Amino acid sequence: FNDTAIGAAMPASNLDAPQYSRVIEAWYADSYFHDKLRIKVGRQYADYEFGGIENGADFLNAAYGVIPTAPMPTYPLPSFGVVAWVAPASKVSIGAGVYRGQMLDAAAESAPPSRKGAFKVVEVKLEPFAKSSSQSSTIRFGAWHQNAGARLTDATAGPVSNYGAYAAVDYWFHKRSDGNRGPGLFSRWGWAPSDRNQVYGYWTTGMAYAGISKRRPDDSAGIGVMQVKLQAGGIETGIETYYKLQLRKDLTVQPDLQWIHDPSGRSQQRGVAGLRAGFEV
C-alpha cells in the first residue's frame, strides 16, 4: 500500500509488509538473583527489548515502532539473538543484545546479497521516580554497531561497518499501577552516519491518553509528530492522531488519521485514513 499510494520513507502502517509464511518468534527467557539478571535466547525482535516508547505503542506509523536510524531486527524479519539485562540498582537497568545479521543488498543488481555482521546493541534504562511518587517515567540511552552492516553512498567499496545512537523517554502523570493513568508523554531521537544510511536522522514526540473518561475508562487516544532526514535529500514529516475504542472486552476498533509532508523528500502532501481492529482470543 505504501509503495503504490503514498511512497513515504516511513510506511503509514507498521504492519505494511509482503505476504510471508515463517516462524516469527521462538525464544527462551528466564530471570535469576531475584530478577537482578534476565536472559532471553532465540529468534526474536530486537525492538521489543531496546529503544521502545510505551506511550507510542498504539500509533500506526512505522516511525513509532522501530527506530528508523537503527537497522535492528524487527517485524517482519526477526533474527536469532542473545539478550541479557542486569539491574545493579533499583532505578537502573543495563541491557546488551547480539543478533544475527540480515542480508545486505549488493552494490550491483546482478550480484548476490552478502551477509551482514552481527547487530550489537547496548542500552541503559533509568526509572528515576520513587515508588511513592505519583509520577513515573522511563528513560533510555542506547548505542548500536554492526560489522559489514551498510554500504557507503558511492558504493565503490564492499560492505562497511554501521553504527548509531538513540535516546527515548516515556513520562506518566500517574503511577503505572493505576488503572486510569491519564495522559502520558513520549519522545525519541535517533542518529546514524549519513553516508551509509537511507534514514540518518530522526525524532518523534507526542502524547497518549489512556482512560479518556470515567464513562470510557478503557478507551485511549493519542497525537504525535515524527520527522526523518533522508540520505537522498529532503525531510519527511508526519502528524498522526487516533482514538482506540474498546467495544467489548475482547474487541477494539481504532480509527487513525495521518498527514505526511514531503514523503521520501518529494514536495508532496499525503493524507491517510486508517482503521485497525484488535481481537483477543
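A residue is called buried under 20% relative accessible area, exposed over 50% and partly exposed in between, with a 1.4 Å probe and protein chains only. This is a predicted model, in which local features need pLDDT of at least 70 and side-chain atom pairs count only at pLDDT 80 or more, while totals for chains, interfaces and linings use all residues. Residues are numbered from 1 along each chain as its sequence is written, and side-chain values use heavy atoms, leaving out hydrogens and water.

Select K40 in strand β2 (residues 37-44); strands are DSSP runs of E, at least two residues, numbered from the N terminus. K40 counts as buried because its relative accessibility is 2%. Show its contacts (heavy atoms within 4.5 Å): leaving aside residues up to four places away in sequence, K40 touches W27, Y28, A29, Y48, E49, G81, V82 and V83.

The charged end of K40 sits over the W27 ring, 4.2 Å from its centre; the rule asks for NZ of Lys or CZ of Arg within 6 Å of the ring centre and within 35 degrees of the ring normal. Then select K125, which lies over the face of W85 at 5.0 Å from the ring centre.

Now turn to ring pairs. Rings of Phe, Tyr and Trp (its six-membered ring) pair if their centres lie within 6.5 Å; planes under 30 degrees apart count as stacked, over 60 as edge-to-face and the rest as tilted. The count is 9 aromatic pairs. Select F119 and W144: this pair is stacked, at 5.6 Å centre to centre and 25° between the planes. F119 is in strand β7 (residues 119-126) and W144 in strand β8 (residues 136-150), so the pair ties together parts 25 residues apart in sequence. Finish at F59, Y64, F186 and Y242, a cluster linked by ring pairs.

Definitions and conventions
Helices (H or I, at least four residues) and strands (E, at least two) are DSSP runs, numbered from the N terminus.
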